[in-house]
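Here are my notes on this one, jotted down while going through the model. Have a look at the structure first, then see whether you read it the way I do.

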Amino acid sequence: MNYVTEVYNNLAEKYAYEPEFLQACKEVLESIKPCVDANLDLYRKNKILERITTPDRIITFRVPWVNDNGEAMVNMGYRVQWSNAIGPYKGGLRLHPSVNQSILKFLGFEQTFKNSLTGLPMGGGKGGSDFDPKGKSDREIMAFCQSFITELYKYIGPNEDVPAGDIGVGAREIGYMYGWYKKITGDFSGVLTGKGLTYGGSLVRTEATGYGLLYICDELLKSHGMSLKDKVVVISGAGNVAIYACEKAMALGAKVVSVSDSNGYIYDKDGIDLKLLKEIKEVRRARLTEYQKARPTSVYKEGKGVFKLKCDIALPCATQNELDLDDAIALVNNGCIAVCEGANMPTTLEATKYLQQHNVLFIPGKAANAGGVATSGLEMSQNSLRLSWTFNEVDEKLKNIMINIYKNIEATCKKYNLGNDYVAGANICGFEKVVNAMLAQGVC
């Protein structure tokens with residue numbers, strides 16, 4: 001039995017109840033096999049695969065808080081500190097009912113390689129809670145965030161672990177957490193990213209993941225003699241990633257015809273009205289049915305269906321495993337030329353392989369959606385320097401990071417004769433940097 005299979009089988013037996021984590025491990029381990037085979041004795045001797053698929057630690061804690069009716073409530077809180085081989089742990093906090101150890105382990109594992117790809121000195125981590133902010137008052141969210149950080153503050157710091165936002169954690173939640181961290185510790189430092197601009201936040205942070213997604217997509221197309229100009233793009237999701245992917249795609253000459261939320265999706269053959277979308281989602285915080293009411297020429301349909309639409313480029317920006325095999329078949333049949341992941345692991349393994357087998361250019365999330373954490377890293381730099389860069393300065397740095405990610409992946413594909421397998425290229429590129437740091441630092 002080869003080393004990769006041996007390690008994965010052990011993980012599958014040990015963590016059979018953690019499907020998301022096992023999916024992430026399977027995808028990474030299978031794709032890095034050329035690199036592992038080239039260094040087999042060294043990696044086996046140092047148990048590299050066993051160590052890199054095991055987090056440094058998982059912190060689990062109770063989060064008690066009081067709701068507006070005076071009732072005590074209890075949620076679970078987590079922080080998965082995966083690897084600090086190349087820098088402090090770095091990764092978001094997710095507040096959503098689906099949060100569990102398996103999901104956070106998959107996210108922390110992926111985050112380690114994503115952060116490595118940015119070229120910035122950041123390790124990997126992830127955290128959050130099964131608390132649902134939907135329908136909660138500002139006071140209830142503040143009560144939860146203060147209780148959450150009362151425990152988490154013991155394990156984070158600007159040179160130890162720097163959390164950020166994720167699903168359910170925006171500027172409001174980061175503000176409450178940061179204020180309470182500062183109250184407890186008396187320390188004004190860059191311990192959280194995604195902060196407001198008045199207290200250490202960075203410009204472009206809101207736009208970063210969506211903008212970065214289009215920068216790498218544009219570079220991918222350029223390397224194959226194409227451009228985004230006049231391409232028809234479908235986007236899933238309607239949060240920050242989707243909205244600002246839509247904005248940058250339009251700026252680069254593409255026509256975006258869809259967005260979606262958890263209830264359904266909009267198809268607008270004339271192109272999404274970005275101003276209207278922002279009004280509905282960022283100001284009114286309403287459902288996409290309101291878009292169709294305001295723009296009768298558009299079509300709203302309940303349930304899935306975004307990836308069944310005819311398009312040149314698909315950008316899944318909602319959640320994990322949203323693009324399945326049926327969607328991949330539809331994309332191929334409709335002539336899609338490229339898929340770039342704006343969310344974390346939004347494409348199933350079967351769908352990914354089908355797309356690659358049918359010559360659809362595919363950039364995985366750990367590369368394509370690295371713009372968010374890259375800009376978080378730039379926020380850390382500004383905090384350390386006590387500086388604030390302009391929008392254009394941060395945007396230019398972000399663009400260069402995303403272009404370099406693509407170039408490094410492409411170089412790795414050439415090094416290992418991978419053709420256009422950018423999944424393997426991204427995994428190996430991120431993996432090698434982390435492993436070289438681990439080897440240099442000994443068994444620790």
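1. Start with a pair of residues: Val 232 stands opposite Lys 255 in strand 7. Strand 6 (residues 232–236) and strand 7 pair in the parallel sense, over 3 bridges; two strands count as paired if DSSP finds at least two bridges between them. Helices (H or I, at least four residues) and strands (E, at least two) are DSSP runs, numbered from the N terminus.

2. Before going on, some housekeeping. This is a predicted model, where local features need pLDDT of at least 70 and side-chain atom pairs count only at pLDDT 80 or more, while totals for chains, interfaces and linings use all residues. Residues are numbered from 1 along each chain as its sequence is written, and side-chain values use heavy atoms, with hydrogens and water left out.

3. Strand 6, helix 10 (residues 240–251) and strand 7 make a right-handed β-α-β unit (with the strands pointing away from the viewer, the path from the first strand over the helix to the second runs clockwise). On to strand 8 (residues 264–267): 3 bridges join it to strand 7, and the two run antiparallel. A hairpin through 3 residues connects them, and Ser 258 has Tyr 267 in strand 8 as its bridge partner.

4. Strand 7 (residues 255–260) is largely enclosed by the rest of the structure, because 5 of its 6 residues are buried (under 20% relative accessible area; exposed is over 50%, partly exposed in between, with a 1.4 Å probe and protein chains only).

5. Now the open sheet: 5 strands in the order 1-2-4-3-5, with mixed pairing. Strand 1 (57–66) and strand 5 stand at the edges with a single partner strand each, so one side of each has no neighbour in the sheet. Strand 3 and strand 5 run parallel, joined by 5 bridges, and Gly 92 stands opposite Ala 164 in strand 5.

6. Which residues of helix 8 are buried? They are Glu 173, Ile 174, Met 177, Tyr 178 and Tyr 181.

7. Last, what comes after helix 8? Gly 186 follows, with a positive phi near 70°.
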